[in-house]
Amino acid sequence: MNSFERAKEIFEENGLEYSKELHEKLEIYYNFLVEYNEKVNLTAITEKEDVWIKHFADSIVLLKYAEIPKGASMIDVGTGAGFPSVPVKIFRPDIKLTLLDSLNKRIVFLNQLCERLDIKCETVHGRAEEIGRNSNYREKFDFAAARAVASMPVLCEYCTPFLKEGGIFAAMKGPNEDIESSLEAIKKLGCIKENVFDYTLSGSEKRKIFTVKKISHTSSKYPRNSSQIKNKPL
């Protein structure tokens with residue numbers, strides 16, 4: 001795949017708008033991702049069309065299902081190579097974005113990526129359970145996102161401490177994930193279940209987005225340390 005027309009077709013089949021300007025930014029993103037991936041393992045998905053579908057479109061599709069207010073502060077927890085939030089930021093430049101990852105090699109990549117894309121993002125190197133207790137980041141964000149393999153109770157404990165009251169956490173998950181098992185965890189963290197969205201990416205791959213709303217302060221007990229979170233989920 002090397003054409004604007006095919007890229008536009010991919011986005012439109014997923015209900016998304018596409019433009020020449022967006023295409024130019026995503027081309028920069030793709031080329032740098034593939035180049036950097038040769039020295040630092042960022043993604044197993046490198047075929048161009050697959051990246052457009054499974055990384056770019058699947059990131060930006062978040063905006064179809066979760067309402068992010070204009071000028072909102074957003075944190076991407078465990079962002080890896082910048083998904084979903086860097087494509088979202090390219091699509092919505094008004095968002096104030098913070099990228100959090102525990103691996104410094106990824107942070108170095110993200111800093112260089114943002115410079116190449118000419119977008120402003122704050123990058124934070126650290127573990128979510130530690131940064132979530134830092135007063136500079138705890139309960140400071142309108143929106144949090146994660147696209148990760150961890151179960152919902154685990155993800156919620158990592159991510160919801162970053163939210164202000166009224167803020168939204170969106171978890172991008174596979175089709176078999178169940179939010180019901182995390183309802184007790186959501187309640188303990190000062191949140192409520194908001195929505196569950198089922199969608200099919202490019203007509204073939206099933207996905208889910210869960211949204212959780214913060215309605216009260218998260219207890220200072222949370223987040224716990226990593227071993228407690230993983231071994232004894234809420």
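Lys193 stands opposite Val212 in strand E7. Helices (H or I, at least four residues) and strands (E, at least two) are DSSP runs, numbered from the N terminus. The model is predicted: local features need pLDDT of at least 70, side-chain atom pairs count only at pLDDT 80 or more, and totals for chains, interfaces and linings use all residues. Residues are numbered from 1 along each chain as its sequence is written, and side-chain values use heavy atoms, with hydrogens and water left out.

E6 and E7 run antiparallel and are joined by 10 bridges. Two strands pair if DSSP finds at least two bridges between them. The hairpin of E6 and E7 has 3 residues between the strands. In this hairpin, Ser202 takes a positive phi near 50 degrees.

Both strands belong to an open sheet of 7 strands, in the order E3-E2-E1-E4-E5-E7-E6. The pairing is mixed. Strand E3 (121-125) and strand E6 (191-201) are the edge strands, and each pairs on one side only. From one strand to the next, the twist averages 20 degrees. Strand E1 (residues 73-77) pairs with strand E4 (residues 141-146) in the parallel sense, over 3 bridges. Asp76 stands opposite Ala145 in E4.

Two helices were examined against the sheet. Helix H3 lies across strand E5 (163-173), E6 and strand E7 (205-214), and runs at about 140 degrees to E6. Helix H6 (residues 104-117) lies across strand E2 (96-101) and E3, at about 170 degrees to E3. Axes are lines fitted to C-alpha atoms, for helices over the stretch in contact, and angles run from 0 to 180 degrees between N-to-C directions. Contact means heavy atoms within 4.5 Å.

H3 has 13 residues (48-60) and should span 18 Å at 1.5 Å a residue. The expected span is 1.5 Å times one less than the number of residues. The end C-alpha atoms of H3 are 17 Å apart, which agrees. H3 is mostly covered, with 10 of its 13 residues buried. Among them are Trp52, Phe56 and Ile60. Buried means under 20% relative accessible area, exposed over 50%, and partly exposed in between (1.4 Å probe, protein chains only).

A nonpolar core is a set of buried Ala, Val, Leu, Ile, Met, Phe, Trp, Tyr and Cys residues joined through side-chain atoms within 4.5 Å. The largest core has 52 residues, of which Phe11 and Leu62 touch the most other members. Helix H2 (residues 20-37) supplies the largest share of this core, 7 residues. Leaving aside neighbours within four places in sequence, Phe11 is in contact with residues including Leu22, Leu26, Trp52, Phe56 and Ile60. Another core, of 30 residues, lies apart from the largest one. Its members include Val124, Ala128, Met152 and Val212.

The search of the whole structure finds 0 disulfides. A disulfide is a pair of cysteine sulfur atoms within 2.5 Å. For Cys114, the nearest cysteine sulfur is that of Cys121, 3.7 Å away. Cys114 counts as buried because its relative accessibility is 6%. For Cys191, the nearest cysteine sulfur is that of Cys156, 7.0 Å away. Cys191 is also buried, with a relative accessible area of 4%.

Backbone geometry was also examined. The peptide bond from Phe83 to Pro84 is cis, with omega near 10 degrees. Pro84 sits in the loop between E1 and helix H5 (85-91). Tyr222 and Pro223 are joined by a cis peptide bond, with omega about 0 degrees. Asp118 has a positive phi near 60 degrees and lies in the loop between H6 and E3. At 66% relative accessibility, Asp118 counts as exposed.
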